[in-house]
Amino acid sequence: MTSPTSASERCEQSLTRAAAPAARAALITTTAERAVHEAELSDARRRTGRPRSELDGVPIVWKDLFDVAGTVTTCGSASHAARPAAASDSPLVRRAGRLGLVTLGKANLSEFAFSGLGINAHFGTPANPLDPALVPGGSSAGSAVAVTSGIAPVAIGTDTSGSVRIPAAFCGCVGFRASPNRYGPNDFTPLSPTLDCVGILARTVAPIRALDRLLAGTAGTDGASDPPRFVVPAGEWIDDCTPGVRGAFEAAVELLRGQGFSVSVQRIASLAAAQRLLDRHGTIVGAEAHDRYGHLVSSPHIEPATRRRLQRNAHIDAAPVRAGMPGLRRQFRAELAGALLLCPTVRHEPPRIDTLLASEARYDAANAATLRTTMVLSYLGTCGISVPLRVSGIPVPIGLLISAPAGADADLLDQAALVTRYTS
């Protein structure tokens, strides 16, 4: 297939790919009529030399937590599927439209965005492009599959405990968790208002940087001028990894060192203290998810795995976890002292779907293990980006996670672009 030269051709190609078997269950809703109209308007603007932005005419999909006019915001749940259609776009969708991006549809997700696995019993599980037998990662599973299957160059997700970074790692693409409220107040259906953030997924860092600059209203840079300092956290974040993950990560570290990057190993006391606090008291995400969705525990319309998670979080007292958060975030920033944290995105390879569905215990244990690294980094308020790794030149479902304290988004993206020259 030849490369499309107009927004209308790109739109047609995207809609064709959305219907292909490789993209099964990636989208819950396709907004074909809207997309065709927006693409035609983009072409008209370009013919007169008046594009709205560098991304005018670029297709985009939205995690089905955002309102898109005329579509139902399902939150990935059968319990929401019969709700009335949204009367208007959410503010972020409107802003993207003013930049000229072409909305193709709504991406699938874990029910209520409350899982790191990406399995969805009602709408189907998006097919992991690296191996459809494996989980795609969640909760922004459809967004990751949409970009890896070629439906759209960019997709919007949300990341509360790892929901953009994890599917990026498992599907072999790039997933960026922005700092809290980087693009304005959250305007999607929440899971945990304290920790919810917008995220962007793409096959490479470049379109994420471009969209981030436009949405954040920053000038950005043309690239990192000096190699960053990286800190690898000593302890469970590396020690608990499977041999395959650890081997790929250590190979990436040595490659970066060979290119002149400074990479040191350091104990991060705030990271360890935060993990102990979550292990002892539970998570803010669990408490707030139960506050929002606990009334549905007896509903026949929610998935059994969701019901188990809600029941497990019914009695969390998140007060100690909330009380410790501001001080631990300050300590984390001070300990990094301008360095970027470097670790595997997930400590294990993506598990097989059939293995998890055969055992509730395995399913729940895999979900908790998948989220363990990204969960604590969300609690510490980080922005973060997962970039794909290759072993002997072959893409593997393992991510390299680069994290920074809140507010360092632009530098983080610049440095990630530099890193991917050598690791992806």
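**Charges.** I began with the charges in this predicted model. I found 42 positive and 37 negative charges on the protein chain, and their mean positions lie 2 Å apart.

**Burial.** What share of the residues counts as buried? I noted 59% of the 424 residues of the protein chain.

**Overall build.** I then turned to secondary structure: the protein chain has 15 helices and eleven strands. Its radius of gyration is 20 Å, close to the 22 Å from the globule rule for 424 residues, so I wrote the chain down as being as compact as a globular protein of that length. For the dimensions, I have the C-alpha trace spanning about 55 × 55 × 40 Å along its principal axes.

**Contacts.** I also checked how far along the sequence the contacts reach. Taking contacts with a separation of 6 or more, I see that 77% come from residues 24 or more positions apart.

**One residue up close.** I picked E250 and asked myself where it lies. E250 belongs to helix α8, which covers residues 243-258.

**A distance.** Last, I looked up E250 against L418. The two are 168 residues apart in sequence, and I have 18 Å between their C-alpha atoms in space.

Methods: Residues are numbered from 1 along each chain as its sequence is written. This is a predicted model: local features need pLDDT of at least 70, side-chain atom pairs count only at pLDDT 80 or more; totals for chains, interfaces and linings use all residues. Side-chain values use heavy atoms; hydrogens and water are left out. Helices (H or I, at least four residues) and strands (E, at least two) are DSSP runs, numbered from the N terminus. The radius of gyration is taken over C-alpha atoms; the globule rule is 2.2 Å times the number of residues to the power 0.38. Buried means under 20% relative accessible area, exposed over 50%, partly exposed in between (1.4 Å probe, protein chains only). Contact means heavy atoms within 4.5 Å. Lys and Arg count as positive and Asp and Glu as negative; His and the chain ends are not counted. The place of a charge is taken as NZ of Lys, CZ of Arg, CG of Asp or CD of Glu.
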